[in-house]
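I am opening a notebook page on this protein chain. My entries below follow the order in which I looked things up.

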Amino acid sequence: MRAYASRRILAFALVLCPAMGQALEYRSIRMSGAVLYDAPSASAKKLYILSGGYPVEVVVSVEGWQKVRDASGGLAWIALADLSEEKTVMISTARAAVKSEPGDDAITVFEAEQGVVLKVLESANGWLKVQHLDGSSGFVRIGQVWGG
């Protein structure tokens, strides 16, 4: 009986809040100098500017605009044209070791400091294959990054 009730509650929640059943959607900033606004309009108040490659989570889409969340949790609107489909992540821990292959025992290829943005090449069982702007690549634990 308890399992049945739990399934009914989950089904009810998914009907009321479809976003709960959807995967998070991440995009990246197309080029440096992208302006983020407090409303979906170029005449709205400008809040801040982001650098190219910066990862953002898409929250809402409205006629050529997307409301996005940045790594600090801030919400703002950005023109759809200023976003790229390219997947990037930002190091969220103080420092992350990027390994030659997925696994803690693998050789460290390079280390990245908090805030460094890396391009995502592929996903592998709790690890992401990433590439640094300088061309170096390797694997980083998913728990050490934000975005995706």
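I call a residue buried under 20% relative accessible area, exposed over 50%, and partly exposed in between, with a 1.4 Å probe and protein chains only. On that basis, buried residues make up 33% of the 148 residues in the protein chain.

**Ground rules.** I am working from a predicted model, where local features need pLDDT of at least 70, side-chain atom pairs count only at pLDDT 80 or more, and totals for chains, interfaces and linings use all residues. Residues are numbered from 1 along each chain as its sequence is written, and side-chain values use heavy atoms, with hydrogens and water left out.

**Overall make-up.** I took helices (H or I, at least four residues) and strands (E, at least two) as DSSP runs, numbered from the N terminus. The protein chain has one helix and 14 strands. Next I looked at contacts, meaning heavy atoms within 4.5 Å. Among contacts between residues at least 6 apart in sequence, 49% join residues at least 24 apart. I then read the accessible surface, which comes from the Shrake-Rupley method with a 1.4 Å probe; for residues, only the protein chains shown count as cover. The total for the protein chain is about 8,900 Å², and 54% of that belongs to carbon and sulfur atoms.

**Strand S4 and its partners.** I count two strands as paired if DSSP finds at least two bridges between them. Strand S1 (residues 25-29) runs antiparallel to S4, with four bridges joining them. Within this pairing, Tyr26 has Glu57 in S4 as its bridge partner. On to strand S5 (residues 65-69): five bridges join S4 to S5, again antiparallel. Val60 stands opposite Lys67 in S5. S4 and S5 form a hairpin with two residues between them. In the turn, Glu63 has a positive phi of about 35°.

**Nonpolar patch.** Patches are made of residues with over 30% relative accessible area and no salt bridge; like charges are joined within 9 Å, and nonpolar side chains (Val, Leu, Ile, Met, Phe, Trp, Tyr) within 5 Å. I found a nonpolar surface patch of about 260 Å², made by Val59, Val60, Val62 and Leu75. Strand S4 (residues 55-62) gives the largest share, three residues. I checked Val59, which sits in S4. Val59 counts as partly exposed because its relative accessibility is 36%.

**Salt bridges.** Side chains of opposite charge can pair when their charged atoms come close. My cut-off is a side-chain nitrogen of Lys or Arg within 4 Å of a carboxyl oxygen of Asp or Glu. How many salt bridges does a search of the whole structure find? It finds six.

- Arg27 pairs with Glu85, with the closest N and O atoms 3.1 Å apart. This pair links distant parts of the chain, 58 residues apart: Arg27 in strand S1, and Glu85 in the loop between strand S7 (83-84) and strand S8 (88-91). Arg27 is buried at 6%, whereas Glu85 is exposed at 56%.
- Arg69 pairs with Glu57, with the closest N and O atoms 3.0 Å apart. Arg69 lies in strand S5 and Glu57 in strand S4, so the pair ties together parts that are 12 residues apart in sequence. Arg69 is partly exposed at 28%, while Glu57 is buried at 9%.
- Glu86 meets Lys119 at 3.5 Å, N to O. Glu86 is in the loop between S7 and S8 and Lys119 in strand S11 (residues 117-124), 33 residues apart. Glu86 is partly exposed at 35%, and Lys119 is partly exposed at 34%.

**Aromatic pairs.** Rings of Phe, Tyr and Trp (its six-membered ring) pair if their centres lie within 6.5 Å; planes under 30 degrees apart count as stacked, over 60 as edge-to-face and the rest as tilted. I searched the whole structure and got two aromatic pairs. The rings of Tyr26 and Trp146 have centres 5.4 Å apart and planes at 90°, so this pair is edge-to-face. Tyr26 lies in strand S1 and Trp146 in strand S14, so the pair ties together parts that are 120 residues apart in sequence. Tyr26 is buried at 12%, and Trp146 is buried at 18%. Tyr37 and Trp65 are also edge-to-face, at 5.6 Å centre to centre and 85° between the planes.
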